[in-house]
Each structure stands twice: as C-alpha cells, then as structure tokens.
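Colleague: I'm new to this one and would like to learn how to read it. Could you walk me through it, feature by feature?

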Amino acid sequence: MSLLEVLGNTRRLKIIRELSREPKYVSELAETVGMDGKSAVHHLTALEEAGLVEHYQRGNRKYYRLIKDIELYAAPPPERSFILQASDLSDDRT
C-alpha cells in the first residue's frame, strides 16, 4: 500500500494526529478518535505495516507511537509541486 493510500483515510489521519501528541494505548486511542477497538487495531496495523508507527507493551496495554515525520507539501502553479513523504524522526524529538 502506498503512503498516499495509507494516509488517504480520515480515520488513519486522526490516529496519526493523536499519536503526534504522545503514544497511546489502543482503547484510549480508539475512544479519542471515535471508533471501536477492532477498527482501531485494523487501522493501526495498516500504519504499522507502512512503517509509520510501532507498538510496545507496558503491562497488559499495547501502546502505539509515531516513528516517522510525515510531510505533505502542495503548491499551485507555477511551481506545481506535490510531495508526500515520511522520514525518520528528528533526533531532538525521539
């Protein structure tokens, strides 16, 4: 799945927005973005397979965190640019 396909889903964008603030466990994240746990896990799996998030265990809870900077740049003519990229997080934020 391409980065555009992964990020072309409103629910995944909401998840990324929340994870850009801080790591969250699945049920907390599901509640925050307004979906059930099964749906949240489905979207988190897609984001994890795309290499944008990773999970870790703390006790009985499975936490997810954002591991890539995601940037979208679009400019109208005459520049006519469209750039969507994911890159490793800056050292000062990890």
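Colleague: Let me start with one side chain. Which side chain does histidine 43 join in a polar contact?

Modeller: Keep in mind that this is a predicted model. Here the side chain of histidine 43 meets that of arginine 12 in a polar contact of 3.2 Å.

Colleague: Where does histidine 43 lie, and is it buried or exposed?

Modeller: Histidine 43 is part of helix 4, which covers residues 37-49. Its relative accessibility is 8%, and the cut-off for buried is under 20%, so histidine 43 counts as buried.

Colleague: What else does histidine 43 touch, leaving out residues up to four places away in sequence?

Modeller: Asn9, Arg11, Arg12, Ile15 and Met35. Take asparagine 9 from that list: its place is the loop between helix 1 (3-7) and helix 2 (10-21). At 22% relative accessibility, asparagine 9 is partly exposed.

Colleague: Let me step back. How many helices and strands does the protein have, and how do the elements run?

Modeller: There are 4 helices and 5 strands. Starting at the N terminus, you read α-α-β-α-α-β-β-β-β. The C-alpha atoms fill a box of roughly 55 × 30 × 20 Å along the principal axes. Of the 94 residues, 31% are buried.

Colleague: What about the surface and the contacts across the chain?

Modeller: The protein exposes about 6,300 Å², with carbon and sulfur atoms supplying 47% of that. Among contacts with a separation of 6 or more, 36% involve residues 24 or more positions apart.

Colleague: Now the strands. In what order do the 3 strands of the open sheet come?

Modeller: The general idea is that strands of a sheet pair through backbone hydrogen bonds, either parallel or antiparallel. In this structure the 3 strands of the open sheet come in the order 1-3-2, with antiparallel pairing. Strand 1 and strand 2 stand at the edges with a single partner strand each, so one side of each has no neighbour in the sheet.

Colleague: Over how many bridges do strand 2 and strand 3 pair?

Modeller: Strand 2 (residues 53-58) and strand 3 pair over 6 bridges, in the antiparallel sense. You can follow the bridge partners yourself: valine 53 goes with leucine 66 in strand 3, and tyrosine 56 goes with tyrosine 63. The hairpin of these two strands has 2 residues between the strands, and there glycine 59 takes a positive phi near 65°.

Colleague: How are the rings of tyrosine 56 and tyrosine 63 placed?

Modeller: Their centres are 5.4 Å apart and their planes at 10°, so tyrosine 56 and tyrosine 63 are stacked. Both tyrosine 56 and tyrosine 63 are buried.

Colleague: Which charged ends sit over the rings of tyrosine 63 and tyrosine 25?

Modeller: For tyrosine 63, it's arginine 58, with its charged end 5.5 Å from the ring centre. For tyrosine 25, it's arginine 61, at 4.0 Å from the ring centre.

Colleague: Last topic, the backbone. Which peptide bond is cis, with omega near 10°?

Modeller: As a rule, most residues other than glycine have a negative phi, and most peptide bonds are trans. Here the bond from proline 77 to proline 78 is cis. Proline 78 belongs to the loop between strand 4 (68-75) and strand 5 (81-88).

Colleague: And what phi does arginine 80 have?

Modeller: A positive one of about 50°, although arginine 80 is not a glycine. Arginine 80 is also found in the loop between strand 4 and strand 5. With a relative accessible area of 65%, arginine 80 is exposed.

Key. Residues numbered from 1 in each chain as written. Predicted model: local features only at pLDDT ≥ 70, side-chain atom pairs only at ≥ 80, totals over all residues. Heavy atoms only, no water. Phe/Tyr/Trp six-rings, centres within 6.5 Å; stacked < 30°, edge-to-face > 60°. Buried < 20%, exposed > 50% of the residue type's maximum accessible area, 1.4 Å probe, protein only. Lys NZ or Arg CZ within 6 Å of the ring centre and 35° of its normal. Polar contact = N/O pair within 3.5 Å; in protein donor to acceptor, adjacent residues only side chain to side chain. Contact = heavy atoms within 4.5 Å. Pairing = 2+ DSSP bridges. Areas by Shrake-Rupley, 256 points an atom, 1.4 Å probe, with all protein chains shown as cover.
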